[in-house]
Amino acid sequence: MDTKELLKKVRKIEIKTRRLSDHMFGGEYHSTFKGRGMTFSEVRQYQFGDDVRNIDWNVTARYSEPFVKVFEEERELTMMLMVDVSASEMFGTHNQFKKDVITEIAATLAFSATQNNDKIGLMLFTDKIELYIPPKKGRSHVLRIIRELLEFQPSGKRTDITGALKYLSNVMKKKAIVFVLSDFVAEDYQHTLKIAAGRHDVTGIRIYDRHEEQIPNLGLVQMLDEESGESITVNTGSKSVRNSYAEHYRNRVAYFQESFTLSGAGTIENRLDESYVKKLLGYFKRRA
């Protein structure tokens, strides 16, 4: 992708996702993810309806009329976007790849965080950590994140969620809002997820295509496993083969759901032909 084309794509995604964050997600995001608490801001004269527990008795005694303390939310928050860039994210049958939807969701979340003056960081992972961008504030930082999501070429093909979560624990010592965006074609990450969710506010966003749920009857088909690079001939005409695949897929989805639920983490599941806008809004409103 040349520079001109890349900038055009970045601009297109910025316009779409920033509009969403400005008009729909900014307020919902703020309500859902609170700051660390309330901090003292100033005192002002008591007004009818003020909570009497907030009266500052020292100032009140000095001026012989009631004054109350005003508190503001201590907002300083950090969002970490953990994005799976393994080979399976390049699959899709609904006019776009899983990677495309993941990029838009990540950009929308990033602009929502920026609107609330929070820091945003990015981790791209496969079976290793491909790229880590430390959290910072500002539009230019978000645009850099979008550029990386669009053009980064990973060297790994498989998915290691456990390794990514361990890396998160090493680099993020303070509590952060963490979104893991993946199709979760992975195993054995439940224990590490529980540790990460104990320290951070974690949400798993599973992006998938409806054609991954089951194999259609197409007879003998040559199939390529994107993550392993292995090519095999599969008899899709066999009912037992189709059933076995469908069961394997259901088990993987159940593992994702169970792992996040037991860890106390949140989940969003979005099919490529569904509106991620509705899914995100629904999730924010349920949590708020």
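Predicted model: local features only at pLDDT ≥ 70, side-chain atom pairs only at ≥ 80, totals over all residues.

Author: In soluble globular proteins, nonpolar side chains tend to be buried together. Here the largest nonpolar core has 44 residues. Leu81, Val83, Ile105, Leu109, Ile146, Phe179 and Ile205 have the most contacts inside this core.

Reader: Which helix gives the most to this core?

Author: Helix 3 does, with 9 residues. Apart from this core lies another, of 22 residues, which includes Phe125, Met172, Phe260 and Ala265.

Reader: How many residues of helix 3 are buried?

Author: Of its 18 residues, 15 are buried, so helix 3 is largely enclosed by the rest of the structure. Its length can be checked as well: at 1.5 Å a residue, helix 3 (residues 98–115) should span 26 Å, and its end C-alpha atoms are 26 Å apart, which agrees. After helix 3 comes asparagine 117, with a positive phi near 65°.

Reader: What span should helix 4 have by the 1.5 Å rule?

Author: Helix 4 covers residues 139–151, and its 13 residues should span 18 Å; the end C-alpha atoms are 18 Å apart, in agreement. Its buried residues are His141, Val142, Leu143, Ile145, Ile146, Glu148, Leu149 and Leu150.

Reader: How should I read the side chains of a strand?

Author: In a regular strand the side chains alternate between the two faces of the sheet. In strand 6, Ile177, Phe179 and Leu181 point one way, while Val178, Val180 and Ser182 point the other way.

Reader: Are these residues of strand 6 buried or exposed?

Author: All of them are buried. With 6 of the 6 residues of strand 6 (residues 177–182) buried, the strand is therefore largely enclosed by the rest of the structure.

Reader: Which strands pair with strand 6?

Author: Strand 3 (residues 78–84) pairs with strand 6 in the parallel sense over 5 bridges, and strand 7 (residues 201–208) pairs with strand 6 in the parallel sense over 6 bridges. Valine 83 has leucine 181 of strand 6 as its bridge partner, and valine 180 has glycine 204 of strand 7. Strand 6, helix 6 (residues 190–199) and strand 7 form a right-handed β-α-β unit.

Reader: What does valine 83 touch, leaving aside residues up to four places away in sequence?

Author: Valine 83 touches Ile102, Leu122, Met123, Leu124, Phe125, Leu149 and Leu181. Leu149 is one of the buried residues of helix 4, and Leu181 is the bridge partner already named.

Conventions
Residues numbered from 1 in each chain as written. Heavy atoms only, no water. Helix = DSSP H or I, 4+ residues; strand = E, 2+ residues; numbered from the N terminus. Expected span 1.5 Å × (residues − 1). Buried < 20%, exposed > 50% of the residue type's maximum accessible area, 1.4 Å probe, protein only. Pairing = 2+ DSSP bridges. Right-handed = clockwise from strand over helix to strand, strands pointing away. Core = buried A, V, L, I, M, F, W, Y, C linked by side-chain atoms within 4.5 Å. Contact = heavy atoms within 4.5 Å.
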